[in-house]
Amino acid sequence: MGKKSRDLFAAFIVGNGVLDLLAPRERYMMWVFGPRWMRELILWFADHPTAVRLRGVARIGIGLSLALKQYEELKHEPAKELGSGYRRWLR
């Protein structure tokens, strides 16, 4: 995976974790669909907001860990010089 993709993936995971913390029941009630076993699983999460919040905390931790690991890797790379390519985007 590229650096930008990993960064977006980490942001996605952190964002989902935050949403799990803010409104666990409402979030899962919005996603009730599919086969019976899937609906039952979703409804279980909706009925157990503490489990959803714990999952949210875990997601935030995983997302931050992925992002920080990637940023540490960038510290050790030599800085790239800005060529004429960046000027094209600033016009």
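This note goes through a predicted model of one protein chain, point by point, from the overall fold to single residues.

1. Overall make-up. The protein chain holds five helices and zero strands, and, read from the N terminus on, its elements follow the order α-α-α-α-α. Of the 91 residues in the chain, 20% are buried. Among the contacts in the chain with a separation of 6 or more, 63% are made by residues 24 or more positions apart.

2. Helix H1, its length and its buried face. Helix H1 covers residues 3-22, and these 20 residues should span 28 Å at 1.5 Å a residue; the end C-alpha atoms are 29 Å apart, which agrees with that expectation. Buried in H1 are Ala10, Ile13, Asn16, Gly17 and Asp20. Seen down the axis of H1, these buried residues fall within an arc of 125 degrees, so they line one face of the helix. An α-helix has 3.6 residues a turn, so residues three or four places apart point the same way. The other side of H1 carries the exposed residues Lys4, Leu8, Phe12 and Leu22, whereas the buried residues of H1 pack against H2 and H4.

3. Ile13 as an example from H1. Ile13 is found in helix H1, and it counts as buried because its relative accessible area is 13%, with the limit for buried set at under 20%. Leaving aside residues up to four places away in sequence, Ile13 touches Arg59, Gly63 and Leu66. Although Ile13 and Gly63 are 50 residues apart along the chain, their C-alpha atoms are separated by 5.2 Å.

4. Helix H3. This helix, residues 36-47, has twelve residues and reaches 16 Å from its first C-alpha to its last, close to the 16 Å expected at 1.5 Å a residue. Its buried residues are Ile42, Phe45 and Ala46. These three cover an arc of only 105 degrees around the axis, which puts them on the same side of H3. On the other side of H3, the exposed residues are Arg36, Trp37 and Asp47, while the packing of the buried residues of H3 is against H2 and H4.

5. The largest pocket. About 200 Å³ of space lies in this pocket, and its lining consists of Asn16, Arg27, Tyr28, Trp31, Leu41, Ile42, Phe45, Arg55 and Arg59. Sorted by class, the lining has five nonpolar, one polar and three charged residues. Helix H2 (24-29), helix H3 (36-47) and helix H4 (49-75) each supply at least two residues of the lining, and H3 gives the most, with three residues. Several residues already named return here, including Asn16, which is one of the buried residues of H1, and Ile42 and Phe45, which are among the buried residues of H3.

6. Arg27 as an example from the pocket lining. Arg27 has its place in helix H2 and is one of the residues that line the largest pocket. Is this arginine buried or exposed? At 18% relative accessibility, Arg27 counts as buried, because the limit is under 20%. The C-alpha atoms of Arg27 and Ile42, which are 15 residues apart along the chain, are separated by 9.9 Å, and both residues belong to the lining of the largest pocket.

Notes:
Residues numbered from 1 in each chain as written. Predicted model: local features only at pLDDT ≥ 70, side-chain atom pairs only at ≥ 80, totals over all residues. Heavy atoms only, no water. 1 Å grid on protein atoms, 1.4 Å probe; cavity = no way out; pocket = protein on both sides within 12 Å on 5 of 7 lines; lining within 4 Å. Points joined across faces, edges and corners; volume = space filled by probe spheres on them. Helix = DSSP H or I, 4+ residues; strand = E, 2+ residues; numbered from the N terminus. Nonpolar A, V, L, I, M, F, W, Y, C, P; charged D, E, K, R; others polar. Expected span 1.5 Å × (residues − 1). Buried < 20%, exposed > 50% of the residue type's maximum accessible area, 1.4 Å probe, protein only. Arc of directions from axis to C-beta. Contact = heavy atoms within 4.5 Å.
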